[in-house]
Amino acid sequence: MAQILLIHSNANVRDLIALNLSTYLTAHIIPRATAEEAIALLEILPNIDMVVTEGKIEKEETAQLLIEYINTHALNTELVVMGPLEKGIAQKIKNGLLVADPLNWEGAVDAASKIFGVTLENLKKKIAPVYIPIASDYFHALHSSPCDVFIRIKQGEGQYQYLKRIHRDDAFELKDIKRYESQGLQYFFILKDDRDAFATFVSNALVMRLEKEILEAGINRDPAEQLPVLGESYDLALRSIMEQGLNVSTIQLADTVIQSMISTTDRSKVLGPLFRQIIGLSTGRLFKKGQITLMVALEVLKQKNPALGLPARDDSAAKMAYAAFFADLRILDLGDSAQAEELAMLDSPELKILAALDDEVKIKFINHALDAALFIRKNPEAPLDVDIIVKQHHGSSNGSGFKTEYAQLAPLSRLFILAEAFARQFIHYSEQGRTDRPIILDMQARFAGHPTMEVLVKALQESLKQREARA
Ligand SMILES: [Fe+2]
């Protein structure tokens with residue numbers, strides 16, 4: 001592997017040259033700040049193949065010093081000098097090329113390639129690495145990366161340069177990532193070959209964070225501190241499942257998020273303020289809806305009222321939580337995330353919104369409950385029969401469309417439908433800034449005429465009253 005000393009005062013130019021020469025010539029690049037530093041290295045390593053240097057750095061005649069050193073010591077080191085030289089100096093270069101503009105990094109890369117006897121275009125075609133984007137949010141849970149991380153800079157129409165910004169195993173902090181985001185960055189890039197290792201690493205980091213900050217944290221820890229972590233993990237877990245499907249890592253991550261959702265509900269004394277904290281998070285609406293749905297459902301389950309026909313088994317909470325996490329997952333497949341969030345908030349879908357969708361999206365949306373039910377069956381961690389709740393979560397016994405077949409549904413499906421309707425209404429009212437109307441009134445109106453639902457609405461009303469009395 002060729003060794004190239006690189007001296008340039010402009011960090012971007014330096015990065016671009018380093019990246020290109022290391023990528024296309026597979027050269028080892030050794031950056032140095034001044035001629036003095038470079039010469040100190042040449043004294044130890046006289047066989048360095050090439051020096052790429054700016055002509056002058058501040059007051060130092062950088063190139064001239066190097067040319068004189070190489071000539072005096074009769075080294076075979078090649079030189080690429082960027083920028084004008086004092087009169088008569090260029091002629092002293094024995095092996096090398098001159099690039100007139102000190103910022104012309106492409107010229108320097110071309111010159112270096114020429115000296116090594118390769119044409120850059122051919123090399124680019126042969127070994128162009130493939131980069132894949134990673135949403136910057138993923139890095140919020142990390143303090144290091146298992147692979148190199150790049151940012152992308154547009155060079156021209158359809159042309160990009162990738163600059164390495166985080167080295168493998170480098171330590172970094174959230175504020176470093178936020179700094180990039182504040183400059184408008186949404187995606188980092190990694191090499192495609194690193195994708196699996198990165199995905200597993202992120203998943204493990206999220207699981208560890210949830211275990212530390214929620215599952216193993218003291219019971220008195222303020223949920224206000226835990227909810228942002230939970231919400232962000234929920235969003236990332238959903239996205240990981242969308243991107244990678246179900247595998248060992250994503251199944252474990254989803255399970256940890258779901259256990260954390262349940263655990264957070266145990267720690268709240270009063271529901272109202274907690275709901276408002278959830279609404280105030282910067283997460284997607286899917287988390288808000290899922291978490292509030294779960295909390296409402298668990299309140300009713302706590303009554304253990306046999307008249308409701310709800311199963312008394314302990315795994316009902318886990319079933320509700322799994323259903324809350326997975327029910328609308330397949331909607332994320334449809335269009336952009338803003339559209340998916342809109343669709344996930346539709347209860348009985350409004351015709352004018354459906355009419356605006358293209359046919360494929362419309363069909364998938366109408367069948368999203370069935371789709372999600374088939375999907376969750378592939379998850380070995382999901383409690384038995386949770387697919388039934390997911391399938392029936394829009395009132396249709398076969399998972400297709402939006403119906404009111406409540407009497408035919410499983411009791412837990414009915415509870416889920418009520419809890420989710422409550423959560424949607426809470427989000428709607430909060431977004432409109434309305435606090436004047438008790439949501440239970442809307443639930444009474446929404447499910448009037450369906451006795452199997454009315455009994456649950458009544459139970460919910462009772463639960464909320466008891467909660468208030470206890471608070
Ligand atoms: Fe849904």
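This is a short tour of a few places in the structure, with something to select at each stop. Keep in mind that the model is predicted.

**Stop 1: two helices side by side**

Select residues 11-24, which form helix α1, and residues 105-115, which form helix α4. The two helices pack at an angle of about 30°, and their axes are 9 Å apart. Angles under 35 degrees count as roughly parallel, and α1 and α4 are therefore roughly parallel to each other. The crossing of α1 past α4 is right-handed.

Now show the side chains where they meet. On α1, pick V13, L16, I17, N20, L21 and Y24; on α4, pick W105, A108, V109, A112 and S113. What classes of residue make up this contact of α1 with α4? Nine are nonpolar, two are polar and none is charged.

An α-helix has 3.6 residues a turn, so residues three or four places apart point the same way.

**Stop 2**

Next, select helix α11 (residues 285-302) and helix α18 (residues 411-432). Here the packing angle is about 130°, with 8 Å between the axes. α11 and α18 are therefore oblique to each other, and their crossing is right-handed.

To see the contact, highlight R285, K288, K289, I292, T293, V296, A297 and V300 in α11. Their partners in α18 are L415, F416, A419, E420, F422, A423, R424, F426 and I427. Sorted by class, this contact has eleven nonpolar residues, one polar residue and five charged residues.

**Stop 2: a helix with a buried face**

**Stop 3: a glycine in a strand**

Finally, move to strand β5, residues 96-99, and click on G96. Is G96 buried or exposed? It is buried: 22 other C-beta atoms lie within 10 Å, and a residue counts as buried when there are 20 or more.

G96 and L79 are 17 residues apart in sequence, yet their C-alpha atoms are 4.4 Å apart in space. Leaving aside residues up to four places away in sequence, G96 touches E78, L79, V80 and V81.

Technical notes
Residues numbered from 1 in each chain as written. Predicted model: local features only at pLDDT ≥ 70, side-chain atom pairs only at ≥ 80, totals over all residues. Axes fitted to C-alpha atoms, helices over the stretch in contact; angles between N-to-C directions. Helix = DSSP H or I, 4+ residues; strand = E, 2+ residues; numbered from the N terminus. Parallel < 35°, antiparallel > 145°, perpendicular 65-115°, else oblique. Left-handed = near helix turned anticlockwise from the far one by under 90°. Contact = placed C-beta atoms within 7 Å. Nonpolar A, V, L, I, M, F, W, Y, C, P; charged D, E, K, R; others polar. Buried ≥ 20, exposed ≤ 12 C-beta atoms within 10 Å, placed from the backbone.
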